Amino acid sequence: MAQRINYFLPYMRQGLTTLAEHKTVSGQRLVVPVKLTVTANDISDNPVNSGIVEKNITLLGPGDILGINENIISRKAPSPNTNNFESSLIPFIEFSEPDFLWRFSSLQNDDKNWIPWLALIVLKTGNGDKEVGEFEKIQNSRKELPPQIQLKPNAVLPDLKESWRWAHVHKLEIKEVSPEQVVNGIKLTPQKAVCRLLCPRKLKKQTKYHAFLVPAFKIGAEAAMGNINETQERTLLTWETPANGAGNIIPYYFDWEFSTGTGGDFENLVRKLKPRDLENMGLRTIDCHNPGYGMLEENGLELQMEAALKSLDTTVQPWGMDISNDSENIELSKKKQESLAGILNKREQKIQNENGETETKLRVTPPVYGEWYASMQGKPIGSETQNKNLWLEELNLDFRHRAAAGLGVQFVKENQENLMKAAWEQLSKVQKVNQELNLGRFGREISGQMFKRLEKMKPNNVFKMALPLKNKIAFEPDKTIGAFLNSSTITNKLTNVKTQKFLFKVKKTEVKPEFKPIVNSRLVNLSFKVSGLKDSFTKVAATPVITVRPTSVITVSPTPVITVAEPVDKTFSDVVDKTILALNPKKTIESMIKSRVANFRNIEKTEVTQNVAEDELHPVKWYPEFHRPMYHFLRSMSQDYILPGLENVPQNTVGLLQTNRRFIEAFMVGLNHEMASELLWREFPTDHRGSYFRSFWDTSIYSVDDNEKEQFRKTEIGLKLLEQIQKKYGDEFNTFQRIEAAYLVAAPSDIVKEIADAYENAIEKWLLTRDEDKDIDKLSNWKKENRLGDNPVPGKLNNQQEDQNQMVLLIRGELLQKFSNTLIYLVKKTNGKPDLTQSAERTHPVFEGEMPPDIVFLGFPIKKEESADYFVIFEERMTELRFGLDETPENSVPGTGENDFSWQHFPELPTEGYLDGIQPAIFTQNWNNAAFISKVMVQKQVRAAIELKKMLPG
């Protein structure tokens, strides 16, 4: 695809007004003399008369305009009611017709440029004693006329004679086309171009402003105020100088409000970020000298409880399984583990009574977190580190990890009613299926009792009873019993109506003794093989196509030609056996019910290992899942559970941390263990090994690629979104492609924005449900011999080795507060510099989080050892053109290139003044070209790179 770039024209005029001599014709309107030659033809199309007609045509001018249709406005910047507009940018208004700004212009400042008939001014709104306003709105006494404003004497206005500099035509076109081609393209397809009017006022930070679109010519202003014919000259401006305009009353055609924010532009804020080595973060002291149950430590005991994040230099405290044999605390650690193990193992105690009977007593003890997932329920756990159940013992015999698990328990206890309500709602569909399965088992048992009577009957009698079903019972993959029998002349006689009636009338006493039952013979002799009567045929015309259903009932549909396999000898006993088998309710009812619930078997979730074969109609085993990122709960309790020591991080800091997987695993085990207990208490139909919570971090930051978009379209969430949008908006958005296109619109309408938001929310919801984005694997898959924190996880957070904690980038500063959509990713080094080529491999974050008011952290799927090979990139996202100037940092000299154009290049600019009539320190030769001014004021996309090596310890 050809590259497209922005083209700017200083103005555009078309129509009769381009032929008029504006400088020589005065008055309220422009008069254009027109001379026409009129020729009359006869019936044969021969000219019979001609003449010249001369007329003066009066064109509409600015004095004839009383307002504009707001539909012609295609964009306003900033958007109405924006409260954080960058003070370095320039407000503007955009119109969908490229010649609109000069359509009624009557004055040229020179031979090249035209003054637009509209002007855009920005005035400060009053804010009590803090800010003095520059205007007051006035309602025109004649309501059919535009509203008015009373300008205050302190109002800062632009010089209208300079307004030609701030208007231009804009078109996006392929690279390397000529100016003539651009102009012709606009004329042919004007809907693809716009005209734009800038307001080059230097704005003040944290200030409320009001933008007004006003008539630039005095005759237009007076007409809008109802003062007809007061001004006789169309070329006079609404105010000759800014000072003359202050204090006057002027009308306006359109207005909107906005406010500026606190910080500067993206480039200025990203330059403030400083890489720092974050030290001694991630631990907090907890008092463990008296944990209860008689485990009092007189000398005091303090342990370092860990958090979800930690700095790169943080090491775990030697305790429990982390302690070495030569440590001074080894004996105290063992003593505490043994005491705790003794308490936990007393939850079930067997006592022998005096009569010799054994009685099991249940005691109230602390829970053994995760015992169901490790298949250790009711079994004692040991305190020796060489025990095979490493993660289970490490979690339950270490006060630090038990405290983390207890935080998960607390969440379930505080939210148990809402969690159970959601669990029952999720179960509703499965309950209906299980009801059908229960009825199926009931019907199978009842029918099975009836079938036992058939098994006691003679097979040939069963066959005679089943003859009416011969065309519904499968015998071969492509034939029913009826079709099979009809292939024989003998079986035609056996199955015709008269024969069937005779078979049922024959009594047992009438059978001659020498007659052998048909079930034990080949009917007559080997020459009458039921399936071998037609030995040589291979094709039969118009033979039925047989489709076999799971219930052994087949449907028949004709087809022109079918190939038949070589015949195989079969006795009549085979037919009888197949008939009896087809009547077995275990096959018929089970097949029917199984086909109905097949889709639900695919989503069946159970963590119980079955040692014996299960009933085919067993209830669907299922457990609820909750996809909320659980770090939100810990953060709401205290940010110290996420990262202790945040208060020591300076402003405008970029630093590296790492996740603490063993804290996360301990927390998630406690969370799931307590949820399983709650489900058991509420008699929820599930086992106790379900992984109800597996998301700790927020993975919805993930950007989906084309393959994942295809996956999303097939999901229940995606299909439900499509159904809802199509129902509300009709065929305009009846496909995913149209919905995705709406998501990418740069300046969306309210409807498109609503659809884009719904699409984004659905994508984020889906991402949180994906198995590959979970933070822990199913707990029942954890290997007993793994240490806590070493359990593998799916997807991009693969953790197949020890110490696979992910790198986390912490950002504290104004940048992300103001530019929350900043794109942040990692690139590798190339010759010591970041690889910013288009083909460079980018490593995007896999989760995100924030800690109010100003800290954001992003998780990347790299290890500490790999960090030195990467740069982090902060990239400004720009979907629309923005106009303005850079803000050069203090004590810095602005550059001289087009990308360096700065407010500091206007040293004579008054505070909060306009750029009118002021020459910049650069570009002096091109400053009289409105197209060039527009080009250099377009804000370019900014990317900043910071080396991760600068954030590593040492």
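**Salt bridges across the chain**

R201 and E134 join their side chains in a salt bridge, 2.9 Å from N to O. A salt bridge here is a side-chain nitrogen of Lys or Arg within 4 Å of a carboxyl oxygen of Asp or Glu. The two partners are 67 residues apart: R201 sits in the loop between strand 11 (193–198) and strand 12 (208–215), E134 in the loop between strand 7 (118–124) and strand 8. Both R201 and E134 are buried. Buried means under 20% relative accessible area, exposed over 50%, and partly exposed in between (1.4 Å probe, protein chains only).

The model is predicted: local features need pLDDT of at least 70, side-chain atom pairs count only at pLDDT 80 or more, and totals for chains, interfaces and linings use all residues. Residues are numbered from 1 along each chain as its sequence is written, and side-chain values use heavy atoms, with hydrogens and water left out. Helices (H or I, at least four residues) and strands (E, at least two) are DSSP runs, numbered from the N terminus.

The count comes to 45 salt bridges. One of them pairs D322 with R400, with the closest N and O atoms 2.8 Å apart. D322 lies in the loop between strand 18 (309–311) and helix 5 (330–344) and R400 in helix 7 (residues 399–414), so this pair ties together parts that are 78 residues apart in sequence. R400 is buried, at 2% relative accessible area. D322 is partly exposed, at 23%. Both belong to a salt-bridge network that also links E306, E394, D398, R662 and R787.

Next, look at D64 and R29. Their closest N and O atoms are 2.5 Å apart, in a salt bridge. D64 is in the loop between strand 3 and strand 4 (73–77), R29 in the loop between strand 1 (4–9) and strand 2 (30–41), so the bridge ties parts 35 residues apart in sequence.

**A sheet and a surface patch**

Which strands form the open sheet in the order 8-9-13? There are 3 strands, paired antiparallel. Strands pair if DSSP finds at least two bridges between them. Strand 8 (135–138) and strand 13 (249–251) each have a single partner strand, so one side of each is left without a neighbour in the sheet. Strand 8 is joined to strand 9 (residues 148–151) by 4 bridges. Within this pairing, E136 stands opposite Q150.

I57 belongs to strand 3 (residues 47–59).
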